[in-house]
Amino acid sequence: LKVGVLGAGHLGKIHLRLLNESEKYNLIGFHDADSSNGKKVSDEFGYSYFENLDDLIHAVDVIDIVTPTLSHYECAKRAIEKGKHIFIEKPITHTIEEAKSLLALEKEYGVKGQVGHVERFNPAFTAVKNAIKEPMFIESHRLAEFNPRGTDVPVVLDLMIHDIDAILSVVKSEVKQINASGVSVISQSPDIANARIEFVNGCVANLTASRISLKNMRKSRFFQKDAYISVD
C-alpha cells in the first residue's frame, strides 16, 4: 500500500521513520502545514515533501494523520472523501460528534480507519491480557512530566484515553456510571484528572492521569476472584 503522512512534528517523524522501514508500506511522502519545517525534515531525512495536501492524498492509498488533534477531523474528512483509508493518531477527534461523523463517512465511502491506541499492543499488557477475566476492581495511574506538546486537548484525551481503551477491551460489560473531576494547573484545559467508571456487571475502575508529575508512571492493577494482576 502506498502511504502518505500528514504532520512532521515529534510523532510525525517517528511515523515517517517506521513506515519507511516497513516492508508492508511504500512511503510516498508527507505534508506539513509549516513549509519551512517540511523542507527541513525532507532535507534531513530524504522523505519527499508535498507542499500541496491534495497532491499527496491523490498519490497514495492510505493517509496517516499525525497532526494536532484540533485538525484531525478536517484532515480525515478530506482523505476519506477522496476514497483513502486512514490511520489517525489518538484521540480520533476533539469531539464525539466529529468522531461519529468520521465513522459515518468511512461507511459511506467504503474505506477503513484505525486509531493509534498503541497501549493495546504494549508487550506488558498483551502478556497478561488473556489472564484478565472478569476483573471486579481496576486501578490505573498514568503520570507524566509536563510537555507542552499535548496541551491542545485535556489530559483525559491526551493520556487517560489509553487506559480507558485498555479497560474497555477487558471488561465485557456496559458502562453504568461515570464520576470524574479534573483541574487545570498549567495549561488552559485539565492537566490532572481522576475518573471512577462503574460497569453494569459491578466492576469498578479508578483512573488517574496527570501531565504535571515529577516522574513518569504507567501502572495498572486488576483485581479478580482468582488473581491480582499488575501491569507496569
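Twelve salt bridges are present in this structure, a salt bridge being a side-chain nitrogen of Lys or Arg within 4 Å of a carboxyl oxygen of Asp or Glu. Before going on, the background: this is a predicted model, where local features need pLDDT of at least 70 and side-chain atom pairs count only at pLDDT 80 or more, while totals for chains, interfaces and linings use all residues. Residues are numbered from 1 along each chain as its sequence is written, and side-chain values use heavy atoms, with hydrogens and water left out.

One of the salt bridges joins R120 and D165, with 2.7 Å between the closest N and O atoms. R120 is in the loop between strand 5 and helix 6 (123-128) and D165 is in helix 7, so the pair ties together parts 45 residues apart in sequence. Helices here are DSSP runs of H or I with at least four residues, strands are runs of E with at least two, and both are numbered from the N terminus.

Next, a helix pair. The axes of helix 4 (residues 72-80) and helix 5 (residues 96-109) come within 10 Å and cross at roughly 10°. Axes are lines fitted to C-alpha atoms, for helices over the stretch in contact, with angles from 0 to 180 degrees between N-to-C directions. That makes the two helices roughly parallel, the term for angles under 35 degrees.

Now the second largest pocket. Its space is about 550 Å³, the volume filled by probe spheres set on the grid points, which are joined across faces, edges and corners. A pocket is an open set of points on a 1 Å grid over the protein atoms alone, where a 1.4 Å probe fits, with protein on both sides within 12 Å along at least five of seven lines; lining residues have an atom within 4 Å of a point. The lining has 21 residues, with I92, T93, T95, I96 and A99 nearest the centre. Helix 5 gives the largest share, six residues.

Last, the backbone. The K90 to P91 peptide bond is cis, with omega near -10°, and P91 sits in the loop between strand 4 and helix 5.

How values were computed: Angles under 35 degrees count as roughly parallel, over 145 as roughly antiparallel, 65 to 115 as roughly perpendicular and the rest as oblique.
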